[in-house]
Every structure is written in structure tokens, then in C-alpha cells.
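Please have a look at the structure first, and then read on.

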Amino acid sequence: MPTCEHCGTAFSASDPEEKYCCKGCEFVAGMIEDAGFDRFYDLKGGLATAPVRSRPFENHDFSWLDARVADAEGRATDGSAKLDCALEGISCVGCVWLVEKLFDKHPGAIRAAAHPASGRLHLEWQPGRCDLKAFCEELTQFGYVAAPAAAGTADIEGRRLVARLGLCGAFALNAMGFSLPHYLGMPDDFEFAGLFRLIAFISATLSMLVGGSYFIDRAWRALRAKSLHIDLPIALGLVLAYAGSIAGWGLQIDGLRYFDFVATFVFLMLGGRYLQTSAVDKNRRRLQRASPLPGSVTVDEKPTPLESLAPGTRFEIQPGQAIPVASTVRDAEAEVSLEWINGEADPVVTGPGRQLPAGAILLSRQPLALEATESWTDSLLSRLTAEGSGERASPVLQKVLRFYLVAVLLIGVGGLVVWLALGETATALQAMISVFVVSCPCALGVAIPLADELAASRAGRHGAFVRSATLWSRLRAVRHVIFDKTGTLTLERPVLVDPKAVAALDDEAALALARLTAGSLHPVGRTLLEALGARGQRLLATHGPAEIEDHPGRGVSFVDPPSKDGPSPSPNWTLGRAGWAGDEADGTTSLCRDGERIAAFRFRDTLRPGARETLDLLRRRHHSLHILSGDTPEKVATLAGQLDIPGAHARGGLDPDQKAAAVRELDHGDTLYLGDGANDSLAFDAASVTGTPVVDRSLLEAKSDFYTLGSGLDFLPALFAAADARASGVRAAFVFALFYNLIAVAICLGGHMNPLLAAVLMPVSSIISVLLVARSGGSRRC
């Protein structure tokens with residue numbers, strides 16, 4: 001399978017000559033070459049990054065920037081203003097270099113620092129001398145989109161975890177450094193021996209307060225929710241090892257002092273947790289695009305929250321926004337898309353007095369005046385956009401943890417009872433505490449996060465980005481793969497049948513087409529603008545846009561500005577349904593000049609590239625395939641026939657509740673649902689695993705376990721292969737951990753375990769587990 005020459009993502013090529021996975025990657029590659037920034041690819045080093053998709057061709061709202069620039073310049077010191085913002089599209093050191101190079105070209109620029117891990121961009125400039133809006137607009141031409149930096153819960157938790165990790169690393173070094181002299185034979189009567197033990201105790205105590213509390217709190221919250229979590233055995237081992245160490249210190253029993261073990265264990269577990277969560281958090285921050293659902297609407301020229309909407313409220317929505325509640329159109333014709341609600345891709349013309357459902361998206365270029373017929377709390381969209389139930393726990397992990405905890409407690413207490421019966425109190429305490437210490441899942445606590453990271457990286461190379469840390473074990477249980485139709489099995493936009501019709505336009509006609517489609521929300525308009533590619537963007541930059549007039553249901557038009565060379569009449573350009581502007585009505589989309597057809601464009605809905613091959617691969621894995629769609633039953637049946645999906649497994653004409661009921665009927669902890677519209681939201685809540693292709697109007701990536709930015713479906717077999725490779729690595733680590741624990745527990749029950757031996761075994765077992773995971777995970781290819 002070929003890989004994109006720009007982003008490195010594998011894709012299904014429809015033509016052997018195709019080099020790029022999408023028009024966006026092709027456009028950005030041309031921009032990089034024209035600017036002489038080819039070093040970007042050297043720095044990128046073959047790393048697979050997210051496809052650019054349509055970012056360079058979209059209209060991006062930077063109205064938020066003026067107020068933030070003014071605030072930053074008002075607080076500027078030493079002649080330098082500073083601003084932090086989010087940045088979509090940044091993923092590697094090549095991106096960092098490219099963004100910094102682009103900023104350096106602007107007058108007044110001082111410094112740009114981009115951070116791929118956090119998805120953030122830090123800018124410094126001379127107040128009043130740097131046009132940040134121009135810089136942000138230039139960034140979009142290279143596939144990066146700046147957005148306001150909002151510190152969400154995940155960002156705050158991530159920074160806290162890094163701070164805990166750094167502090168606990170220092171505490172671990174102190175604990176080990178001041179315990180080492182004792183292991184090397186320092187006599188108890190040495191004048192600083194007591195001080196060394198005190199420092200080790202303080203270091204372990206601080207580690208427990210700073211890092212141990214992280215696991216203890218999470219384990220306690222899981223228990224209160226009647227759930228078992230991997231943090232529970234970690235927390236239990238830490239508490240018992242720390243308590244036993246204090247008892248050993250007080251009773252002067254050297255075999256119970258595990259302060260250095262406690263500090264080191266906390267550091268290693270935090271390191272593993274950071275590795276596990278960082279990739280997920282990075283993927284969650286990767287997207288900065290706004291949902292079509294507005295946070296407020298305009299009522300009497302004032303922004304009003306959705307919660308205030310009630311029957312009879314008159315309000316306006318802006319182009320590209322979704323209607324939040326069922327409403328009546330007040331005073332104008334407009335085009336809307338109902339794809340979010342019923343899966344129908346074709347735009348619908350509406351007018352005064354017509355009813356529109358919640359979730360209809362305004363495609364026209366002018367605001368639309370509406371009157372609400374229901375409140376926000378009664379709106380279907382309110383239900384569909386409600387938060388899901390959060391992370392789903394793995395049932396297999398729950399069973400393993402239950403058995404593990406009971407076994408460790410029984411063995412530890414059993415060792416205590418046996419040695420007490422033999423009259424060896426000190427050995428009894430040593431045996432019990434050492435069992436709890438060596439049974440801490442240290443090796444697995446490092447190996448499993450590494451397995452997750454390797455699997456997420458492998459999936460990312462195929463354009464799938466993981467948002468949930470618990471995805472992999474649930475993915476292995478999937479037996480039913482359920483698809484929405486429009487935008488999931490098919491592309492979200494119609495495909496231009498003959499791209500040469502666009503390439504053949506002269507500059508005047510190409511400029512007209514670029515003006516007619518720039519900023520368009522209509523799927524046909526967006527397809528044509530992407531087909532123009534770099535040529536269209538250059539013409540718009542040179543000659544500027546035009547004032548476009550909408551003709552709902554027919555097309556768009558504009559009149560060329562008067563010529564500077566004389567009083568010649570200004571041509572009237574139109575783009576729309578053939579026959580509307582006076583040309584022949586033949587089912588095409590026509591570009592006309594003063595009623596004379598200049599070009600005709602034909603479009604077709606098409607399956608995502610490689611859809612048939614992907615579904616065949618899934619069948620070989622014995623997955624049952626289903627389609628649940630709001631589109632008409634006839635269209636769904638036709639598509640199912642093309643893909644060899646049984647008619648009984650393909651259902652059309654479903655509303656959101658019916659989709660969710662169908663998923664619940666199939667689900668026994670083994671369903672994967674792929675969808676992209678608001679009408680898929682309730683089905684998402686019912687499925688065990690969820691994924692979404694991120695399209696122009698995104699919504700579900702915030703609720704999904706993973707999302708994809710590519711145009712094909714080849715990411716699905718890659719995801720399952722990554723899950724298999726991860727499972728192989730984790731199994732190898734588990735087998736090793738089982739034998740390690742059997743041997744270590746036998747040593748503990750024999751009364752021969754001591755802090756030095758435990759301190760050696762812990763890192764050695766972790767290293768072996770990591771090597772097993774890396775070997776098993778790397779031996780399988782997706």
C-alpha cells in the first residue's frame with residue numbers, strides 16, 4: 001500500500017500515479033517546495049503524521065486574536081509581547097522548524113516556540129510591529145490552524161503528572177543514595193547512619209505524598225464506584241511497603257526497611273502512567289476545530305446561551321452553524337444540510353414558514369432568522385450532544401485484578417500465620433511485607449504503558465488516533481463492526497468525476513470558480529475549491545474575493561468589478577444547477593459567464609478508498625458487518641449489495657433512538673460502531689468501542705475511543721493488528737511476571753527477601769518486561 005509523500009500515512013490510491021493521500025497534503029507539499037523549506041522532510045525523518053485534509057482550503061475564524069493581541073501588548077515588558085495559543089496539525093520536529101521559520105519572516109517577530117506534545121504555540125513579538133493575523137492565515141496554507149488555548153482538565157492533569165514525576169525522581173535518587181551506604185556495609189554506629197535513614201524516610205514520605213497519593217486517590221475513587229482498577233494493587237503495595245518500612249524502622253528490623261523501594265517504585269509507576277497518558281492526551285489536543293453546534297445564538301443582537309431558548313424565542317444562527325432547537329424559518333430562503341440528523345447528504349432548500357429540525361446546518365452564506373418551537377432541554381440535539389459515560393473499563397482486567405488481589409492477600413497473610421506459629425515474629429512480618437512488596441505490579445506498570453504507546457504509534461501511521469487508554473483490550477473483544485453510511489462508508493463529499501475539467505479552465509474562469517467556491521459550505525463548492533488547489537489559492541491571493549450572492553436551490557453568482565481599461569460591461573459569473581443560468585439542463589453543475597456555459601462538472605457519491613478490500617479483511621477475521629443509517633432504505637440496500645453485506649444486516653431510515661436500540665440488541669461487549677453525525681451519538685453511547693472519521697463538521701471525536709483523519713478505511717485492519725500485537729506483548733510480560741512472582745514469593749515466604757534484593761529485582765524485572773513487550777510488539781506488522 002502506498003504512503004503519502006507529505007504526511008507518510010498509508011492510503012488506498014485510485015491511480016498508480018497518486019503521491020498524496022488528499023488534496024490538502026498535495027497543496028502543502030507544493031507550498032513547502034515553493035518556499036524552499038524542503039528541510040522539513042529531512043527533520044520529519046519519515047515519521048507518519050496526520051493528513052492535512054481540507055485545512056488550507058477552509059475559512060478560519062481568527063476574530064478571537066485581536067483581543068488577545070491587544071491584551072498581550074498591553075502587558076508587554078522589555079519591548080516583548082507574549083501569547084500562547086493552541087495549534088492544530090503540529091506533530092513532529094519538522095513542524096516545529098517550519099512554524100518557527102514562517103514566523104521569523106514576519107516583521108516584528110522575535111521568537112516562536114511550538115510544542116508538538118502539548119499542541120501549543122508560544123509567540124513573542126515587538127508590540128505594534130507584527131501582524132499576527134497574517135501569520136495565522138499563512139499557517140493555514142501550510143496545514144496548521146491556530147486557536148485559543150483553553151486549559152482543559154486533561155491539560156491541567158497532564159502538567160500535574162509531569163510535576164509529580166519530576167519531584168518523585170528527585171526523591172527516589174535521594175532515597176537510593178542514602179540507602180546505598182547501608183547496603184555497602186555502613187556500620188550502625190556510624191555517626192551519620194541515623195541521619196541517612198532519616199533522609200531515606202523523608203524521601204519515601206515525600207514520594208508517598210506527592211506520587212503515591214495519585215494512585216491511592218484513583219484506587220479509592222474506583223472502589224467507591226464499585227470498580228477494580230490497576231491502580232488498586234499499586235496503591236495497596238505502596239501503602240503496605242511504606243507502613244512496613246516504618247514498623248521496621250521503629251522495631252530496628254533491617255529486613256522491613258523498604259524506603260528506597262517505595263520511592264523508586266512510585267517514580268517508575270508515574271513514569272509508566274505518563275507514557276500511557278501522554279499519547280492519548282496528545283491525540284485529544286490534535287484537533288482544534290469547532291463543533292457546528294454554537295455555544296450561543298443571537299437574540300436581539302446579543303449572544304444568548306442555548307439554555308435560554310424557549311418556544312417563541314426569535315434568534316439568528318451564522319453560516320456553518322447547526323440549529324440547536326426545532327425552529328420555524330422567519331424571513332428568507334436558505335440551503336441547509338440534514339446530514340447530521342438523517343444521513344441525507346443532499347442540501348435542502350427551505351423558506352419562510354418552513355419547519356427545520358434541531359441539527360440542521362446552515363449552508364447559505366448569510367445568517368438565518370428563526371423562531372424556536374421547543375426549548376433547549378427538550379431538543380433532540382441536547383440529548384445527542386450530552387456527555388457519554390466516560391472511560392469504559394475492561395471486564396478481563398476486572399477479573400484478573402480480583403483474582404490477583406485475593407491471591408496476594410491470602411499468600412501474604414498465610415506466610416504471616418505460618419511464621420507466627422513457628423514463633424518467629426520478625427520473620428513473620430518480614431515474610432508478609434516482602435510478599436506485598438515484590439507482588440507490586442511494577443514490571444507490568446511499566447510494560448503495559450509501553451505496549452499501549454507502541455500500539456498507538458502503529459495505529460497513527462495508518463491515520464487512526466487513539467483517545468482512550470482502555471481501547472485496546474475492548475477492541476480485541478469486538479465481533480460486530482457497525483457502520484453508518486454517509487460520511488463513514490462513503491466519502492463525506494461528492495467526488496469530481498473529471499478533474500481535468502477544472503485543470504482546463506483559463507485563468508479568468510479559474511479565478512471566477514475560486515471566488516464562487518471560497519468560503520462555501522456546500523459540499524460541491526468545497527470539492528471544486530480543493531480541485532483548484534494551489535492555483536485557486538494563488539489567484540485569490542492576487543485578485544481577492546468577490547461579493548457572492550446566494551440563490552438557494554440553484555447556485556451562487558457574482559458580478560466582476562468594472563474593468564480599469566474601459567467601460568466594457570462587467571461579466572456575470574454563476575455556478576450552480578445546469579439550466580438555471582440559461583444553459584442546457586443536463587444534470588451537471590455548470591460554471592457560466594453571462595449565461596454561456598464555460599465548464600460543466602459531474603459528481604458522484606463514492607465509497608471510501610479501499611472500502612471493499614477492508615471489509616474483506618474484516619470478514620477474514622470473522623467479524624460480522626452491519627450498516628445502520630438514517631438514509632433511505634433503498635440507498636442503504638444498494639450500498640450493502642455493493643459491499644456484499646447481507647440485507648438483514650443493513651437497515652436504513654433509522655432515527656437516533658432506533659440506531660441506539662439496534663446497537664444495544666447486538667452488543668454483548670463486542671460491538672464497534674463507526675459514525676460521524678449527531679444522529680450517531682446515542683449509538684455511540686450503546687456500543688462497546690467507538691470511532692469516527694473527522695470530517696468538515698466534527699462532533700463525535702470528543703466521545704469516541706479513536707478518530708481517523710484519512711480518507712480510506714484501511715485504518716481498521718491496522719487497528720485490529722495493533723491490538724493483536726499489543727496483546728502478544730502484554731501476554732509475554734504477564735507470563736514473565738507470573739514466573740517472577742512465583743520465584744520472588746517463594747523467597748519471601750522462606751524469609752530470605754531483603755530490601756537490597758528487592759531493590760535489584762524491581763528494575764531488572766521491569767527491564768525484562770519492557771524488552772519482551774518491545775520484541776513482541778515489534779515483531780508483528782500492521
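In this report, two residues are in contact when they have heavy atoms within 4.5 Å. The model is a predicted one, in which local features need pLDDT of at least 70 and side-chain atom pairs count only at pLDDT 80 or more, while totals for chains, interfaces and linings use all residues. Residues are numbered from 1 along each chain as its sequence is written, and side-chain values use heavy atoms, with hydrogens and water left out.

Let us start with Val325. Helices (H or I, at least four residues) and strands (E, at least two) are DSSP runs, numbered from the N terminus. In these terms, Val325 sits in the loop between strand E7 (314-317) and strand E8 (327-329). Is Val325 buried or exposed? Buried means under 20% relative accessible area, exposed means over 50%, and partly exposed is in between, with a 1.4 Å probe and protein chains only. Val325 has a relative accessible area of 0%, so it is buried. Setting aside neighbours within four places in sequence, Val325 is in contact with Leu309, Phe315, Leu356, Ala358, Ala372, Glu374, Ser375, Trp376 and Ser379. Val325 and Ser382 are 57 residues apart along the chain, and their C-alpha atoms are separated by 8.3 Å.

Leu384 belongs to helix H11 (residues 380-384). With a relative accessible area of 0%, Leu384 is buried. When residues up to four places away in sequence are not counted, Leu384 touches Pro656, Ala678, Asn679, Ser681, Leu682 and Lys703. From Leu384 to Asp657 there are 273 residues in sequence, and 9.8 Å in space from C-alpha to C-alpha.

Most residues other than glycine have a negative phi, and most peptide bonds are trans. Which phi does Asp78 have? Its phi is positive, near 55°, in a residue other than glycine. Asp78 is found in the loop between helix H3 (64-74) and strand E1 (81-88), and it counts as exposed at 80% relative accessibility.

Asp300 also has a positive phi, of about 55°, although it is not a glycine. Its place is in the loop between strand E5 (296-299) and strand E6 (302-305). Asp300 is exposed, with a relative accessible area of 70%.

**Cysteines**

A disulfide is a covalent bond between the sulfur atoms of two cysteines. Here the rule is a pair of cysteine sulfur atoms within 2.5 Å, and by this rule the count comes to 0 disulfides. Cys130 counts as buried at 10% relative accessibility, and Cys168 is buried with a relative accessible area of 0%.

**Helix packing**

Two packed helices are described by the angle between their axes and the distance between the axes. The axes are lines fitted to C-alpha atoms, for helices over the stretch in contact, and angles run from 0 to 180 degrees between N-to-C directions.

| Helix pair | Axis distance | Angle |
|---|---|---|
| H20 (residues 611-620) and H24 (residues 715-749) | within 8 Å | roughly 30° |
| H1 (residues 23-35) and H19 (residues 523-543) | within 8 Å | roughly 30° |
| H4 (residues 93-104) and H5 (residues 132-141) | 10 Å | about 140° |

Angles under 35 degrees count as roughly parallel, over 145 as roughly antiparallel, 65 to 115 as roughly perpendicular and the rest as oblique.

The axes of H20 and H24 cross at roughly 30°. That makes H20 roughly parallel to H24. Thr614, Leu617 and Leu618 of H20 make the contact with Leu716, Pro717 and Phe720 of H24.

H1 and H19 are therefore roughly parallel to each other as well. In H1, Lys23, Phe27 and Asp34 meet Glu530, Ala531, Gly533, Ala534, Gln537 and Arg538 in H19.

H4 and H5 pack at an angle of about 140°. That makes H4 oblique to H5. Their contact is made by Val99, Leu102 and Phe103 of H4 and Leu132, Phe135, Glu138 and Leu139 of H5.
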